[in-house]
Amino acid sequence: METVVSGIRSTGKLHLGNYYGALRNFVKMQNEYNCFFFIADLHSLTTHPTPQDLNTTVRQVVVEYLASGLDPEKSTIYVQSDVPEVAELYLYMNMNAYLGELERATAFKDKVRSNPDNVNAGLLTYPVLMACDILLHHGTKVPVGKDQEQHLEMTRTFGNRFNRLYEVDYFKEAFAFSYNDKLVKIPGLSGQGKMGKSNGDADCIYLSDAEATVKKKIMRAVTDSGPTSPNQSKPESIQNLFDLMKVVSSEDTLAHFESLYNTCEIRYGDFKKQLAEDMILATQEVRSRIDDINRDEEYIKKVLQRGAEKAQASASKTLREVREIIGLKKLY
């Protein structure tokens, strides 16, 4: 059985983009593959979170993973730092990663431009740690978006370089994986591209948002004065709301409001009210499970303890074999 590996940074609550873009695929994958899903708290250290914030967000992501349908009996769910073998492999693989290729990484260059006062070594070697998350469990399928494909290419580079250097056929190549030709992209409420925390909380509908919060965010979404001619094209700030309706509402509901827009009869207040109602209904089950799991501290601990044990069993085997290949053998 092939192995799927995927992680999410522990930087806060999950939103609809995470849910419709990845998590629902994860739920399907766990029935067909050997899956490792982790919360990447080591990756998040590049932004220097406070200890309290880090602990809180890790727990939040675990709860929302479970509420979204990930089953600890079918997949391995763990916190990255609970498996210290990843840090050791990261050390070994850094010896075979070169400055020039790391500096050319698109994500690194973007981070340097956006936050020049925090260009730390962790950011530079981020692709190496990401590669080790995958190589540690010999992952061959990695569900990632377009923005992560370069990191995945670098994972193959590091694994193949290790194989050549030590004349072995040890690490397998990992490739991007999705059930669809196109990953679902959930737009944000601001009309500034896909939903994401970088545009602020007002741009996101979080899975844990209360019903009143969902309504408030949608009703506050920016719209224009309405169409002035039949069948005119929609500006981005309007199209994004229709795209959200396409995800959470029925086809009849979407067609109704498309018709009103095309005939210049749409009332945005009614439109956003319907979108809010459908959004609440679409996320109701997950929101309810989040509340239930949040109250069950023993269950959360049990899931993470079991996940750490399963992940370490896989990781420790890899590290024993890697040390043997490298020549790191005890002399006593």
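Two strands pair if DSSP finds at least two bridges between them. I took strands as DSSP runs of E with at least two residues and helices as runs of H or I with at least four, both numbered from the N terminus.

**Entry 1. Basis.** I worked on a predicted model, in which local features need pLDDT of at least 70 and side-chain atom pairs count only at pLDDT 80 or more, while totals for chains, interfaces and linings use all residues. Residues are numbered from 1 along each chain as its sequence is written, and side-chain values use heavy atoms, with hydrogens and water left out.

**Entry 2. Strands.** I looked up F36 and found it opposite T76 in strand 3. Strand 2 (residues 34-40) and strand 3 (residues 76-79) run parallel and are joined by four bridges. Strand 1 (residues 3-9) is also parallel to strand 2, with seven bridges between them; I noted I39 of strand 2 as the bridge partner of I8.

**Entry 3. Cores.** I then listed the nonpolar cores, each a set of buried Ala, Val, Leu, Ile, Met, Phe, Trp, Tyr and Cys residues joined through side-chain atoms within 4.5 Å. The largest has 57 residues, and Y65 and M279 have the most contacts inside it. Helix 13 (residues 268-294) supplies the largest share of this core, nine residues. A second, separate core holds 38 residues, including Y78, M93, L124 and M130. For Y65 I recorded contacts (heavy atoms within 4.5 Å); leaving out residues up to four places away in sequence, Y65 touches, among others, I8, F37, I39 and I77.

**Entry 4. Helices 10 and 13.** I found helix 10 (residues 211-219) packed on helix 13 at an angle of about 145 degrees, with the axes 9 Å apart. The axes are lines fitted to C-alpha atoms over the stretch in contact, and angles run from 0 to 180 degrees between N-to-C directions. Helix 10 contributes E211, V214, K215, I218 and M219 to the contact, and the residues of helix 13 include M279, I280 and R287.

**Entry 5. H151.** Which helix holds H151? I placed H151 in helix 9 (residues 149-166). H151 has a relative accessible area of 4% and is therefore buried. Apart from neighbours within four places in sequence, its contacts are A107, Y126, P127 and M130.

Terms used
Buried means under 20% relative accessible area, exposed over 50%, partly exposed in between (1.4 Å probe, protein chains only).
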